Structure formats: structure tokens, C-alpha cells
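Subject: Handing over a structure

Dear colleague,

I am passing this structure on to you, and below it you will find some notes on what turned up when I went through it. Please read them with the structure open beside you.

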Amino acid sequence: MDPLRDRGGPAHLEREGTGVIATIKDFASFGRPAQVLFINQVGINIGFYMLMPYLADHLTNGAGIAVWTVGLILGVRNLSQQGMFLIGGTLADRLGYKPMIMLGCALRTAGFALFALSTAVPVLIAASALTGFAGALFNPAARAYLAHEEAGRRVDAFAVFNVFYQTGILIGPLVGVLLLKMDFRLVCLSASAIFALLTALQWRHLPARAGAEADTDRPVLTDWREAFTNRTFLAFAAAMIASYALSYQVYLGLPLEVRRVTGGESGVVALFTISAVLGVIGQVRLTAWCSKRWSPGQAMAYGLAIMGLSFTPLIAGASLTGTAARLGPVLACATLLAIGTMMVFPFEMATIASLSGGRLIGTYYGLYNLLSGLGILAGNLLSGAAIDLARSTGITTAPWLLLLTAGLLSALAIRRLDRSGRLIPATKHPQVTK
């Protein structure tokens, strides 16, 4: 018997119709808690991406704040989010998932409102810290809630989750541009209002759920020690770190390459649009296709390999001339990178929950997010150094060769873990009766 079908997961993804119709049907097949979490995620991303892409420009050109100060303000947000993920996940395990999701949305409501009310640097730093800490609260809590609630359909659930995630990324910047034409404060207050509505939505419609470790009197350090000494989990997290360095190139390496080959910014929008549109129309069907053919470990390994190989068009097209011809490999890279990421994500999220043993799910998601944040930092430093080297030496393929190698090594590491049987728990979730 196929373990994937036996656990009630991707078999549900095999629906007739287009990707969007399949997603709608699959959304309807879930219970209310999962549906609320999906809607919550699209709202979170709309609110976030309608403001954050334009914040740095407003603070420097609109408010006249020094660039280094703006970098500090934005850095505080990233630090307060990445650095607090483990704490947020642990609080979700101990206090329940719903309170952390609500508190995170409420804090982001306050943080975005502060951006509208003042341009004083101390206020902006406080707003940035609140915004980041909010993400550290609701991010692991929402994923842990979904993994807990849909224990028999985790891959299926996270596939649909990613569709709503990408939908928010697609809609948010467009809404932000429209509001920005009127007033930047309107953008901030509108984003704040969205999070206020999400807070109310969770309070009214999201049932309370607690993990297996709720109300325990065991010291928190004991939970952290368990997660930090789970060798299989740490090996999996280490093998996956490269994937975050690769996917983050949509924000770093690829925009820089667009500017290098075109001399402008017009192609940058296409990078984000490609990723979001593919996620919206193709995630559910791609996950079903992978589930039908491969084990979760194999799907992740092949997805990581595609992420690494996505940089081959940039290597092969290094000698091309003409703006259109040189832009083509960048867009091809973005397309393949998005497809590889889509292949990996649902199985990755299900595997984390499985490796936690179904107990400290929030803690494991929090630790995983913390480690992936370190991976992004290390990847940015290395790829940034490689890009600088390419500019100084003329070896334009250097950064892409580095990223290609990292992706293939990551794929090999996951394949090795899968072959050793250490990822087997990811295919043996218990069937949940609704």
C-alpha cells in the first residue's frame, strides 16, 4: 500500500480542472481551522508586502533619513524576527497556538501603525522591532497549528498553504503601489487595519488548539535541549540550509543581474511575479504529481537539484549579447528556482513536524526558522562576495557556479538521509478522523 495515499495526504490533491480550481476544491475539503489559517496567511502577506517593499525608499527619500540609519531600522526587524523564532515556537507549544497567532497579528497592527504616526528614529526602531517579533510569534505557531490539525494530510495542507502565501505576495505590492500614489501613511494604516482584521478573525473563528506539551511544568531548556540534540532533525536542517540561500537570490543576486544586463529596474518586477504566479496556479498539481511518483525525501532531493540547476541558464548565457537575450536566462533561472522551491516546500514542512515526534512542533519550527535565517545570512555573505569577485575579475559565472554546487550538494545530502531511512517518519503520519 502506498504510504502517501494511506495517510490521506496527496491523494486528495488529485482533482480535475486547472490548478486554481483544484486549489479551491482542496481548500473546501479542509476543516474550518485550516481554512482560517490559509486566509490568515494570505492576509499576512498582503499586509506585509503592501508596505515593506516601499519602506526603505520612503524613509530615505521621503523622510530624509540617512541610508545607514534606514539599514539599522530594517535590520532590527530582521533580527527581532529571526532571533526570536525559537522563543515564539516554544511559547506556542506551552501556551497554545491561537494566542500566539493573535498576539503576533496584534503586535504587527501596532508596529505598522507606528510607521504612519512618526518618522522619529526611536519610534521607527520600536515599530520595526514590534513588526519583527510579531512574525516570530505567528509564523511558527501557524505552521505548528496546521501540522497538528492536519496530521493526516500535512503535505496536502502545506501545498494549499503555499498557494495562499504566494497569492499574498502577488497582491500585496500591487495594492501598495495604488495606495502609495495617495499617501504613504495610508499604506501603513491600511496594512495595520488588515492585521487588526486578522486578529479579530482569529479570535472569532479559529478554535483554540494546544500541542502535546501545553501546561507542562518541564523547564523550557529541557525542550530546547531535546530539539538541539535531535541529530536527524539537525542533519535535515543543515542539508536544507542551502535551499534558503538559493531561494533568497530572488531578492539579491537575480535583481542585481537584471540591473547589470538591462541597466534598469523593469525586469525586477517579473522575478517576483513569476514566482508568485507559478505558486498560485501550479503548487497543488505539482505536489500531487511529485507525491504520485516519489517519496517525500525523493521529492525534496529532486526539488533541491532543480533549484541548483536553475542557475545553469545564467552560466550558459554568460556570452550572450543584447538586452532581451541576456534577460532571458535570468527569467529562466527565476522560473526553475520557483518550481524547485514549490517541489520542496510542502514535504519540507511535513518532515519538520514528523521529526519532532508530534510533540514540540512549535519549538521545532521555531528552531528550524532560526537555522534557516542563519543560512540566508551565510548565503548572502558568500554569494555577495562571489558577485563582487565576478565584478572585479570579469568572471561573471562565479556566483552561479557556487550556487549550482550548493544546490546539488544539498540534494545529495537529502537523498542520503532518505536512503538511510532517517526521514521515514515523514511518510508515516497517523490518519486523523475529523
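Predicted model: local features only at pLDDT ≥ 70, side-chain atom pairs only at ≥ 80, totals over all residues.

In what follows, buried means under 20% relative accessible area, exposed means over 50%, and partly exposed covers what lies in between, with a 1.4 Å probe and protein chains only.

Residues are numbered from 1 along each chain as its sequence is written, and side-chain values use heavy atoms, with hydrogens and water left out.

Salt bridges

A salt bridge here is a side-chain nitrogen of Lys or Arg within 4 Å of a carboxyl oxygen of Asp or Glu, and by this rule the count comes to 9. One of them joins Arg218 to Asp223, with the closest N and O atoms 2.6 Å apart. Asp223 is buried, because its relative accessible area is 0%, whereas Arg218 counts as partly exposed at 23%.

Another pairs Glu257 with Arg260, where the closest N and O atoms are 2.8 Å apart. Both residues lie in helix H13 (residues 253-262), 3 residues apart, or about one turn of the helix; helices are DSSP runs (H or I, at least four residues), numbered from the N terminus. An α-helix has 3.6 residues a turn, so residues three or four places apart point the same way. Of this pair, Glu257 is buried with a relative accessible area of 10%, while Arg260 is partly exposed at 39%.

Salt bridges that share partners also join Asp26, Arg153 and Asp156 into one network.

Enclosed helices and residues

Why is helix H6 described as largely enclosed by the rest of the structure? The reason is that 8 of the 11 residues of H6 (residues 85-95) are buried, among them Phe85, Leu86, Asp93 and Arg94. Contact means heavy atoms within 4.5 Å, and the buried residues of H6 pack against helices H5 (67-82), H7 (97-117), H8 (121-149), H11 (220-228) and H18 (361-393). After H6 comes Gly96, whose phi is positive, near 105°.

Pro140, which is placed in helix H8, is buried with a relative accessible area of 0%. Leaving aside neighbours within four places in sequence, the contacts of Pro140 include Phe85, Gly88 and Gly89 as well as Tyr365 and Asn369. The C-alpha atoms of Pro140 and Ile361 are separated by 8.5 Å, although these residues are 221 residues apart along the chain.

Leu254, found in helix H13, is likewise buried at 0% relative accessible area. Beyond neighbours within four places in sequence, Leu254 is in contact with residues including Leu271, Leu314 and Val330.

On a 1 Å grid over the protein atoms alone, a cavity is a set of points where a 1.4 Å probe fits but cannot get out, and a pocket is an open set with protein on both sides within 12 Å along at least five of seven lines; lining residues have an atom within 4 Å of a point. A search of the whole structure finds 2 cavities of 30 Å³ or more, where grid points are joined across faces, edges and corners and a volume is the space filled by probe spheres set on the points. The largest cavity has a volume of about 100 Å³ and is lined by 13 residues, of which Glu257, Arg260, Leu314, Gly317 and Ala318 lie nearest its centre. Helices H13 and H17 (323-355) are the elements that each give two or more residues to this lining.

The second largest pocket holds about 160 Å³ of space. Helices H12 (231-247), H18 and H19 (398-419) each supply at least two residues of its lining, with the largest share, 5 residues, coming from H18.

With best wishes
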